[in-house]
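Dear colleague,

Please find the structure below, together with its sequence. My notes on the aromatic side chains follow it.

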Amino acid sequence: MSILSCLDQPPPPPEELLIGDGLFNIIGAMVFGSIALVALSAPLIRRAYRKHVVRLMGLDQVRPRPPGWWQRNAAHSLAAAPAARTVGSPAQLLEQASSWETRVTRATAAGWLTFVLMAWPLMALITPDPSLLDQLDAVAGAGLLALIPMFANLPQRWKKKVLMVSIVIGLVVVTGLEVAISVAESQQPGGAEEEASLLEDIAAAVLVLGLLYTIFHRRLRGLVFPVSVVITVFVLVIVLPLALVEQHLGSCLSGVQTSAADTGSDQIRSSGLAMIFALVGLLGLWLGFQAVGVLARFVERGYLSDLSMISLIGLGLVGVFLVFGAVEDTAESYSLWVAWAPLLWLLLPVIVYRLVLGKRPDTGPGRDLLVLRVFSRDKKKQAFLDELQSRWRYIGAVNLAGGPDMVDLNVDPYECAMFLSSQLHELFLPQALDARHLAARFSNTPDHEGRYRINEMFNFNTAWRENVEQLILLSETILLDVRGLTAEREGTSFEISLLSRHGLLDRVIAVGDDQTDWQHIGRQMEQDGQSLQPLKRIEESKDFDGLIGRLLDIGMTAEAT
Amino acid sequence: MSRLSLYVNDRGQCVMHYSGFSILAGIALFIWALHRRLYLFSVVALALEITYGALVVQLSDNVQLILFAVQFVVLGSVANRIHLYLLNRRGWLLTDQERAAGSEAT
């Protein structure tokens with residue numbers, strides 16, 4: 001018997017097909033399950049990432065890189081910045097930053113509203129004969145679930161409290177509508193089933209909200225989102241072609257399981273199918289990585305910021321959950337084109353967002369801020385840095401030495417894609433660079449939304465001292481975060497020594513706390529002929545406007561001299 | 001712990017190499033090969049693993065378990081050596097290496 005004779009045999013009945021029945025629900029469930037798995041394993045992924053960064057930071061160069069590596073690596077560097085630089089007094093710059101923040105807030109709200117209103121016509125197309133209450137429920141559900149992605153793109157200062165209040169209001173509205181639908185339908189035949197459906201719907205909404213809240217967590221989202229994109233593409237690449245060809249393959253797919261009782265041709269067929277599945281899976285993974293790569297390039301070229309990209313992917317996931325969840329179990333009545341509905345759903349909000357944003361801010365390089373810090377995973381310390389960098393990036397780029405502590409805050413899609421594809425080492429500098437080449441690696445122009453980049457400089461053990469020195473010499477505004485600094489922290493002590501040796505303490509504001517060993521810092525400075533006295537010192541506080549104003553002042557003084 | 005090294009070729013491509021035992025290679029050689037960017041090796045390993053699996057499935061459970069243990073130990077032990085052999089044979093040069101003492105923190 002030929003191994004292809006299975007093609008001539010009738011296919012199994014629909015209920016026995018692998019995925020033919022309830023296709024969209026299965027895809028929705030698979031994507032949901034996979035992302036839930038990613039969210040659960042995110043702390044492990046983060047740990048692996050951090051461990052890998054630490055290992056790479058410990059590498060010593062034993063031979064210089066060939067010219068070919070530098071040429072390849074130059075391809076990643078960003079376009080040359082225009083020469084003109086943002087000018088204005090600190091007060092003017094703060095006002096400009098505030099207006100850019102407002103602009104992003106307004107555009108985000110408009111995009112969210114468009115996404116919510118789009119639920120009305122889309123649900124009318126997908127759900128057969130929806131009632132007015134069903135339509136309102138779809139709109140309210142979309143509004144509730146899209147809240148979390150939207151808030152990721154808003155300024156940091158007030159979003160947590162407002163988000164919580166908005167979620168509670170949204171849950172009350174959705175529950176009210178679900179109850180109204182349930183009451184209306186209970187008056188029709190088969191009403192008892194509706195009560196169970198009401199509880200299921202509310203439980204599903206809470207579950208999806210919980211998942212969204214987890215994957216948008218500040219410390220997880222940098223890693224979770226790129227992995228989610230890879231998994232979603234992987235699932236779609238495996239499931240959609242299978243759904244298309246399944247009914248045309250006769251009984252070939254029914255013998256995937258191999259057993260000792262199979263004939264030789266069955267075994268060859270099963271092995272062949274396993275090979276095909278594995279290759280399609282590899283193709284799915286490859287396409288998933290390509291999708292992340294495309295998104296990363298969008299961010300790199302400034303079409304999107306890292307924050308709005310996260311919001312966009314989040315809205316896409318909400319679209320997948322809502323569309324695939326709304327499609328009834330009778331999948332045969334739907335075209336496979338329904339799978340594209342979430343993408344279409346995203347299109348109009350993106351257009352509205354860009355229209356409301358308006359023209360790209362007509363400005364040159366901003367006022368860069370160099371942050372020198374004690375590597376720390378303390379949540380309070382990280383929250384301070386996060387708040388500062390989220391505000392400063394409307395004024396200029398934030399430059400930092402990459403380290404394991406930043407895995408919690410600053411993993412962008414490009415870095416994550418590099419980690420997942422075992423290429424993170426390509427981001428590390430193996431040897432010292434001169435000032436020109438080092439400066440070229442940093443982006444200092446804003447993206448289309450008016451946000452400057454957070455630039456991280458990763459170094460191998462044999463390169464960090466020289467490169468940090470160059471970076472200090474290039475910077476006019478330096479925040480020295482010495483919270484928790486003790487004599488044991490040799491890296492930060494080395495940086496203080498560099499600042500003293502080069503006489504650059506007038507460009508620095510030092511932020512300390514009750515653990516900071518100021519005496520050690522003073523001794524360090526005295527060794528290099530300086531004293532602690534002229535160093536501008538502040539204690540950690542929530543007065544970010546005041547801190548940013550002072551940083552801008554010293555930056556302008558440094559520029560003038 | 002395995003030691004991490006980086007190798008570079010003339011075209012500027014850079015790959016990681018770990019010395020020592022590889023758990024991933026012991027479990028799924030083709031995924032390990034993909035991770036090391038040995039694409040042809042990965043496809044060959046996949047074909048071999050599937051063929052091997054189709055043959056082994058006909059044996060008793062105990063024999064299958066023993067064979068899996070042998071496969072895990074053998075593949076896990078030799079995979080990184082094969083990788084190093086292939087890198088050297090293709091002219092890749094060692095450029096960066098992990099120190100035994102570990103990294104410095106600031």
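Counted over all chains, this predicted model holds 14 aromatic pairs. One of them joins A:Phe428 and A:Phe460: the ring centres are 5.5 Å apart and the planes meet at 20°, so the pair is stacked; the cut-off for stacking is an angle under 30 degrees. This pair links distant parts of the chain, as 32 residues separate the two. A:Phe428 belongs to strand β4 (residues 428-429) of chain A, whereas A:Phe460 lies in the loop between β5 (454-459) and α14 (464-474) of chain A. Both A:Phe428 and A:Phe460 are buried. Together with A:Phe458, they form one aromatic cluster.

A further pair consists of A:Trp464 and A:Phe494. Their ring centres lie 5.4 Å apart with the planes at 75°, so this pair is edge-to-face; angles over 60 degrees count as such. Because A:Trp464 is in helix α14 of chain A and A:Phe494 in helix α15 (residues 490-501) of chain A, the pair ties together parts that are 30 residues apart in sequence. A:Trp464 has a relative accessibility of 11% and therefore counts as buried, the limit being under 20%.

Yours sincerely

Notes: Residues are numbered from 1 along each chain as its sequence is written. Chains are lettered from A and ligands numbered from 1 in the order in which they are written. This is a predicted model: local features need pLDDT of at least 70, side-chain atom pairs count only at pLDDT 80 or more; totals for chains, interfaces and linings use all residues. Side-chain values use heavy atoms; hydrogens and water are left out. Rings of Phe, Tyr and Trp (its six-membered ring) pair if their centres lie within 6.5 Å; planes under 30 degrees apart count as stacked, over 60 as edge-to-face and the rest as tilted. Helices (H or I, at least four residues) and strands (E, at least two) are DSSP runs, numbered from the N terminus. Buried means under 20% relative accessible area, exposed over 50%, partly exposed in between (1.4 Å probe, protein chains only).
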